[in-house]
Amino acid sequence: MTTIDSTQLTKELFALEEEGWRAISAADGDFYRRLVTPDTLVVEHDGVSTGDDLVAEIDGNTSPFEGFTLDQERVVPLGPDSAVITYRANAQVAGRGTFRLYMSSVWVRRDGGWKLMFHQQTPVSTQES
């Protein structure tokens, strides 16, 4: 049985999430283009989309972040090569204020790297803001 180093797993996956936030701010879809698969699903407030849709949305980003923070990080290993992660994000969007979201992602290690298989965003209730 393979032992899972949860500290290393947490470091690796949250480094990818943080890099992803920087890529979104820079409207750099290439970062996610390398991470999504034909099976990737994304659930946001406006519906369910694919990894390709996510990349197109990022490429067309016209509302860059002025800053963001990620906290309340949790990782649940699903096996030696997969995990679900959750965290809360606070993003300051130019001209639009601060968005607070709970995020969940499922990552799977394939072909020598991590792939984003599922991602969901849930707005933080106004009572928790």
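Biologist: How many positive and negative side chains does the protein chain have?
Modeller: In this predicted model, the protein chain carries 11 positive and 20 negative side chains, and the centres of the two sets lie 4 Å apart. Lys and Arg count as positive and Asp and Glu as negative, while His and the chain ends are not counted. Each charge is placed at NZ of Lys, CZ of Arg, CG of Asp or CD of Glu.

Biologist: And what are the ground rules for the model?
Modeller: Residues are numbered from 1 along each chain as its sequence is written. Local features need pLDDT of at least 70, side-chain atom pairs count only at pLDDT 80 or more, totals for chains, interfaces and linings use all residues, and side-chain values use heavy atoms, with hydrogens and water left out.

Biologist: Changing topic, how many aromatic pairs are there?
Modeller: The structure holds 5 aromatic pairs. Rings of Phe, Tyr and Trp (its six-membered ring) pair if their centres lie within 6.5 Å; planes under 30 degrees apart are stacked, over 60 edge-to-face, and the rest tilted.

Biologist: Why is the pair of phenylalanine 14 and tyrosine 87 classed as it is?
Modeller: Their ring centres are 5.7 Å apart and their planes stand at 75°, so the pair is edge-to-face.

Biologist: Are those two buried or exposed?
Modeller: Phenylalanine 14 and tyrosine 87 are both buried, where buried means under 20% relative accessible area, exposed over 50% and partly exposed in between (1.4 Å probe, protein chains only).

Biologist: Which residues form an aromatic cluster?
Modeller: Trp21, Phe65 and Phe68 form one.
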